[in-house]
Amino acid sequence: MKKASLPLAIIAILIALGSFFYNQNTSKLVYVDVNKLLDGYKRTKVVRAEFEAKAKTLKSNVDSLVAGWQKELKLYEKERAKMSKKELALTQELLGNKQQQINNYQQAIQQQVQEEDKKATQTVINDINDFVKEYGKKNGYPIIFGASGSGNIMYADEKSDLTAKVLEGLNAEFEGK
Amino acid sequence: MQNLKANKLFYVFPVRAGILLFIASALFSCSSKKFDSKEALWTYLKEKENGYLQQKNINGYDFSLLYKPTDLLVAQELEEDASKERLNALREKYKKQLYFTLSMSRNGKELLSTTPKNRQEFGAMVNQLAFGMRDKVHLFTQKKDTLAMLDYNSPRMYGMSQPTTILFVFPRMDKYLREEVLNFTIQDLGNYTGEVKFKIQTDKIKKEPGLKFQN
């Protein structure tokens, strides 16, 4: 019986230590800085670059249309003195219609750019949300707060800040490591 | 002497029992579950804890991804009085692919009824769902190796079904199943959800549940 008591005692100590560390981990209130995650996540830069390339193409379409219209306007101003009353009215109407069309197109493009921006941002947010959820589950955190710098977390000890660890894991996952 | 024997027994017995228990549990965990009926298998698959169904809600849109095991597809095609040869042939045919069902809805209604704001957008979405999903859905490993989509089927339900449901088929390749997870992504379909990702545990695919066929 005496011999059995030693292994039993060791097992009891191990269980106690295990539960101590487990409880210490799970009872912690931790947080991540969402802005830092968004800035530091490597996919943000990739998605942003893709978005900017798309937006540039869309805007350059508008610019070339506007340039064409301005050229026509200059030509009209140059030659208006030679035009008859009927020609003048017709050219004015044509230029007016074209301007309206360009304005509509410009608005549509602006909307499309905003939509693309929204989609790109949401993609990055989805990744971060998924990773933080998985990280919390894996490491046994009952809750992970998201600080965004607008006052939702006024003070937290540095030890409660998981941002660096989460960012490291997030980037490693993105890079397929 | 007797005391020593008793002590030896005290140590040896739990060790042997532990080893046996470990072997038994290892064997049990390696075997896949078998079900008597399709209904029982469906019930098991639809339990999120079992890992075959994953769900997400992003910006009001519900996404769910279900892995369909081989036997479920076999049962769909197998006649009632089919022979064992026929069963084996069908299993051989379907086990070469991975089948996933993706469902998407908003407020319990299919995408075509809720997302397009005008006739043009409606037409574009019909086109996207019917012909353009190869560009929008991807399955790849953590190291970014892509499994090329073999086929997909997106039936028009004309508002009769609650979610928009699409069946995707990918090749089952052992080298990719050796990785821990596969990533299933759906790019934005004009609903501002961004890219939506599901992580599929390959262990679940390797140990997929089956059906006990009566033949």
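**Entry 1. The sheet of chain B**

I began with the sheet: 4 strands of chain B form an open sheet in the order β7-β6-β10-β11, with antiparallel pairing. The edge strands are β7 and β11 of chain B, each of which pairs on one side only. I took strands (E, at least two residues) and helices (H or I, at least four) as DSSP runs numbered from the N terminus, and two strands as paired if DSSP finds at least two bridges between them.

The model is a predicted one, in which local features need pLDDT of at least 70 and side-chain atom pairs count only at pLDDT 80 or more, while totals for chains, interfaces and linings use all residues. Residues are numbered from 1 along each chain as its sequence is written, and chains are lettered from A and ligands numbered from 1 in the order in which they are written.

**Entry 2. Strand β6(B) and its partners**

I followed β6(B) (residues 137-141) to β10(B) (residues 181-186), with which it pairs in the antiparallel sense over 5 bridges. T141(B) stands opposite L182(B), and F140(B) has N183(B) as its bridge partner in β10(B). β6(B) also pairs with β7(B) (residues 146-147), antiparallel over 2 bridges; here F140(B) stands opposite T146(B). The hairpin of β6(B) and β7(B) has 4 residues between the strands, and K144(B) takes a positive phi near 70 degrees in this hairpin.

**Entry 3. Helices α3(B) and α4(B)**

I noted that the axes of α3(B) (residues 70-77) and α4(B) (residues 84-94) come within 9 Å and cross at roughly 130 degrees. T70(B), L73(B), V74(B) and E77(B) of α3(B) make the contact with L87(B), L90(B), R91(B) and Y94(B) of α4(B); contact means C-beta atoms, placed from the backbone, within 7 Å. These residues divide into 5 nonpolar, 1 polar and 2 charged. I counted Ala, Val, Leu, Ile, Met, Phe, Trp, Tyr, Cys and Pro as nonpolar, Asp, Glu, Lys and Arg as charged, and the others, Gly among them, as polar.

**Entry 4. Chain B against chain A**

I found 13 residues from chain B and 10 residues from chain A in the contact. On the side of chain B, α1 (2-30) and β11 (196-201) each supply at least two residues. That side has 4 nonpolar, 4 polar and 5 charged residues.

Terms used: Two residues are in contact if their C-beta atoms, placed from the backbone, lie within 7 Å. Axes are lines fitted to C-alpha atoms, for helices over the stretch in contact, and angles run from 0 to 180 degrees between N-to-C directions.
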